[in-house]
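Let us take a walk through this structure together. Keep the sequence and the 3D view at hand as you read.

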Amino acid sequence: MTEEQRFLREAIALARANIGNGGRPFGAVVVRNGEPIATGVNEILATNDPTAHAEMTAIRAASRKLASPDLSGCTVYASGQPCPMCMAAMRLAGVTRVVYAYSNEDGAPFGLSTAAIYEDLAKPFADQSMTIRHVPVQLGDEAHLYAEWSDAQSKQRQVHGARKPGCK
């Protein structure tokens, strides 16, 4: 059995256990250097949190365990094809690889595909199903929000020593 198969089987086992606990059929394993760092299952029904996807709970747990938002060098093994939100979070965290067992096509007959969301997000904002508006706001003489953040980060680096710049 390959490493990919081993960790995908673990993700699927987590998903099956989650079904038994009344959850949705999704599990994920975060691995670095061939060792599992964290796991997660879809907790949407248990928490009423629409962002509590298996990949999200796994990367949150991995970040807490590593005491860092930087998951560079990590692979996420997921039972199902990650949705756009999870893919974006994994990119922001620096995850290097994503491997999944069941595709959107596999999930479609069961209402478990996110293909339509991928399609909608590929359109220009004006053509998407959700209204998206950019409304620039500058509050009087206050500093630009991002410039204020950048200045605060520079001051923290001076006090605490050089650190890698933060993520959003």
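A pocket here is found on a 1 Å grid over the protein atoms alone: it is an open set of points where a 1.4 Å probe fits, with protein on both sides within 12 Å along at least five of seven lines, and its lining residues have an atom within 4 Å of a point. Grid points are joined across faces, edges and corners, and the volume is the space filled by probe spheres set on the points. Of the 30 lining residues, Pro25, Phe26, Ser79, Gly80 and Leu112 are the closest to the centre of this pocket. Two or more lining residues come from each of helix 1, strand 3, helix 4, helix 5 (104-107) and helix 6 (115-121). Helix 1 gives the largest share of that lining, 4 residues. By class, the lining holds 15 nonpolar, 11 polar and 4 charged residues. In this sorting, Ala, Val, Leu, Ile, Met, Phe, Trp, Tyr, Cys and Pro count as nonpolar, Asp, Glu, Lys and Arg as charged, and the others, Gly among them, as polar.

Before going further, please note that this is a predicted model, in which local features need pLDDT of at least 70 and side-chain atom pairs count only at pLDDT 80 or more, while totals for chains, interfaces and linings use all residues. Residues are numbered from 1 along each chain as its sequence is written, and side-chain values use heavy atoms, with hydrogens and water left out.

Now step back to the whole protein. The protein has 7 helices and 4 strands, and along the sequence they follow the pattern α-β-β-α-α-β-α-β-α-α-α. Helices (H or I, at least four residues) and strands (E, at least two) are DSSP runs numbered from the N terminus. Taken along the principal axes, the C-alpha atoms fill a box of roughly 55 × 45 × 25 Å. Of the 168 residues in the protein, 33% are buried; buried means under 20% relative accessible area, exposed over 50%, and partly exposed in between (1.4 Å probe, protein chains only).

What lies inside? The largest nonpolar core has 20 residues, and Val30, Ile59, Ala62, Leu71, Val76, Met90 and Val95 are those with the most contacts inside it. Such a core is a set of buried Ala, Val, Leu, Ile, Met, Phe, Trp, Tyr and Cys residues joined through side-chain atoms within 4.5 Å. Strand 1 (27-32), strand 2 (35-41), helix 3 (54-66), strand 3 (74-80) and helix 4 (84-93) each supply at least two of its residues, with the largest share, 6 residues, coming from helix 3. Look at Ile59: leaving aside its neighbours within four places in sequence, Ile59 is in contact (heavy atoms within 4.5 Å) with Val30, Leu71, Val76, Ala89 and Met90. Apart from this core lies another, of 7 residues, among them Phe7, Leu8, Ala11 and Val29.

Beyond its neighbours within four places in sequence, Asn18 is in contact with Gly23, Arg24, Phe26, Val41 and Asn42. Not counting residues up to four places away in sequence, Thr75 touches Val29, Val30, Val31, Val95, Arg97 and Val99.

Asn33, in the loop between strand 1 and strand 2, has a phi near 55° and is exposed, with a relative accessible area of 72%. Ala67, in the loop between helix 3 and strand 3, likewise has a positive phi near 55°, and counts as exposed at 72% relative accessibility.

Finally, turn to helix 7 (residues 145-160), whose 16 residues reach 22 Å from first C-alpha to last, close to the 22 Å expected at 1.5 Å a residue. That expected span is 1.5 Å times one less than the number of residues. Gly161, with a positive phi near 90°, follows helix 7. The second largest pocket, with about 220 Å³ of space, is lined by residues including Leu145, Tyr146 and Glu148.
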